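Colleague: Hi! I'm new to this one, could you walk me through it?

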Amino acid sequence: MTLVEANPVASLRDKAAKVPAVEANDITLNGISKIFTTRRGDVHALDDVSLSIHRKEFVCLLGPSGCGKSTILTLIAGLAKPSAGSVTVDGRSVEAARRNHRIGLVFQDAVLLPWRTASENVSLPLEVLKIPRQERDNRIKAALALVGLTGFERRFPHELSGGMRQRLGIARALSFDPQVLLMDEPFGALDAITRDNMSIELLRIWEHRQKTVVFVTHSISEAVYLSDRVVVMTPRPGRIAGIVENLLPRPRPLRIRDSSEFIALSRQLRDLLGAE
Amino acid sequence: MSDVGEVLRRGLPSFVTVLGFIVCWQALVMIFHVPSWLLPAPSVIWMEFVKQSHMLGKHIVVTATGALGGLVVGAACGLVLAVLMVQSRLLSRILMPLLVIDQSIPKMALAPIFVIWFGTGMMTRVVIAMVISFFPVVINAIRGMTTVDRRVNDLMTTISASRWNIMTKVQLPNAVPYIFSGLKVAVPLSIIGAVVAEFMQSDSGLGYIVLVAVGNVNTPMVFVAVLLMALLSLTLFAVISGFEWLLLRGRFNYLTAGNDT
C-alpha cells in the first residue's frame, strides 16, 4: 500500500539527482587499510579503500564473504581502528560521532536482549541517552509504529517471528534518531518473501526518516533494489572493484526487478564481482 | 485444574519410586530382623521423630539460620567480587588464581581453625557456610556477565554507554539465570558448612543432634537429623527456585523452551 502512494520526498530526491547539487559528505573513508594480526600471519581485510558517502544516501556494500564489507561498518562505527588512513563522520572523528549518538547499528540476527520486551528493547538506547520517561515512551511508540510492531509492545523476542525481530532491531536503531544507519546483512537470515517485504519497508522508512544508510549485502538484486550507489568489493585483500551509480527511479515497486534497467545493472555488478 | 493434573502426572513416577524404596526398606529390615542400631526401619525413624519433635524445632532453626546466613553473606560477597573482576582485567588476573587455590583448600580441614577464631557460636556456622558457598556464585556470576553477545557490547559502545550502563543494563541482567544456578549449587554446600561447624563443638543444631545420637547409639535419631538436613536443603532450594520463577517468568523462556513436553 505504501508503494502506490506518491512520495513527495522521493520525487524531490529524483529531481535533485539530475541537478548537479553538492551534497554534504556524511561519511568519508580515506585510504583505509585494515590488517588483522592472527597466529597464522597478517590478514589484509581492507587495502587502500577510499569512499565518500553523501548525506541521506543509500549505499550498498556488495561482495562475497571475506571482502571486508563488514569491517568497513565496524570502522565507521568506531568499533575498530584502521591500520592506515582515516575515517570521518560529518567531517569529524568517529569518536565525536559516537558521543553525539549519530550512528545506529542493525545486525543480521537483530541481537535483542531476551529478557526485555519489545518496547523495553527499543528503550535501551534511550535509557543510555538519559531521555526522560515521557519522551522515551513517545519515541518507543513512534519507533514501533514506524516498523509496524504496534500491538506487540509486551512480547518478548522469543515470541516474535524472525522478520518481526529484525523490525524490532531497526526500531531500536532508529529510536534515538541517529543520522547514520549501519546495517550488516540485516535481512540475510530471513526467508525470501519476508525479505522482499522488509526491503519495501526499509525504503519506506528511509524515505520517511531521511537517514544515511550503509547496507552490507551479498545479494546483487537486494543491492540494486535498495541503493543509490553500489560499492562492489572483492576479497583478499578487501578492495573496491568499482562503484556503480544506481539511477533507477523511486519509489520502486517490486516488479522493477523485471525491468531491463534492473537486469542491466545486475549484470554490470555481476561482471564487476567476477572480474578478479 | 489441568495444571494440577499435569503436575501430578509428572510427579507420579518419582513419587512412586520413593514410596517403593521406603516400602522395600521397611520390608527388608522386618524380614531379616536388622537391629535398629544398625539400620532402623522407616517406621522406627518416624516414631523417633514424633517422639522427639518437641525439642527438634530449636535445632532446626539454629542450623537453618547458620546456613542461610552463610549463603546470603557468601552470595553477596561472591556477587560483588564477580562484578569487580568483570570490571577490571587486572583484578581478575590477580584474584582468579587465588580463588581457584582457595577452592582447592578443603574447608572441612579448616573448620577447627575457624572454631579457634570465631568460637563455637553462630558465627562459626555462618563463616564456614559462607566460605564454601560463595565459590559457585562467583564463578557462575562471572560466566553470566561475560557471555554477553559481543555485538550487544558493540551496540552499547556506539552510543557511548558508560561502564555502569553496560553493567546494570546488560551484564547483570544477562547473569541472573547463571547466578540462580550458582545459588542452587550453593544451597546444600551452605548446610554442609553449618553442620560441619556443629560437628566441631557446639551445644545446638542438627549436627550436634547427630553427634549426641551417635554417642547414645541412637541410630534412628541420627537418621531423623540427617533427613531434616535434607529437608532443609530442599526447602531452601524451593525458595530460591520460587524467587527465580518470580523474577524470570516469561523472560528467559528461550532457555527452557523445548526442555519439557
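Modeller: Happy to; let's take the contact between the chains, then a sheet. This is a predicted model, where local features need pLDDT of at least 70, side-chain atom pairs count only at pLDDT 80 or more, and totals for chains, interfaces and linings use all residues. Residues are numbered from 1 along each chain as its sequence is written, chains are lettered from A and ligands numbered from 1 in the order in which they are written, and side-chain values use heavy atoms, with hydrogens and water left out.

Colleague: How much area do chain A and chain B bury between them?

Modeller: About 2,100 Å², with 69% of it on carbon and sulfur atoms. Buried area is the accessible area (1.4 Å probe) that two parts lose on being put together, summed over both. In chain A, the residues losing the most area to chain B are Arg98(A), Trp115(A) and Val128(A), together 29% of what that side buries.

Colleague: And how many salt bridges cross the interface of chain A and chain B?

Modeller: The rule finds two (a side-chain nitrogen of Lys or Arg within 4 Å of a carboxyl oxygen of Asp or Glu). One salt bridge joins the side chains of Asp109(A) and Arg151(B), at 2.7 Å from N to O.

Colleague: Switching topic: what order do the four strands of the open sheet in chain A take?

Modeller: The order is 2-1-4-5, with antiparallel pairing. Strands are DSSP runs (E, at least two residues), numbered from the N terminus, and two of them pair if DSSP finds at least two bridges between them.

Colleague: Which strands stand at the edges?

Modeller: Strand 2 (41-54) and strand 5 (92-93) of chain A; each has a single partner strand, so one side of each is left without a neighbour in the sheet.
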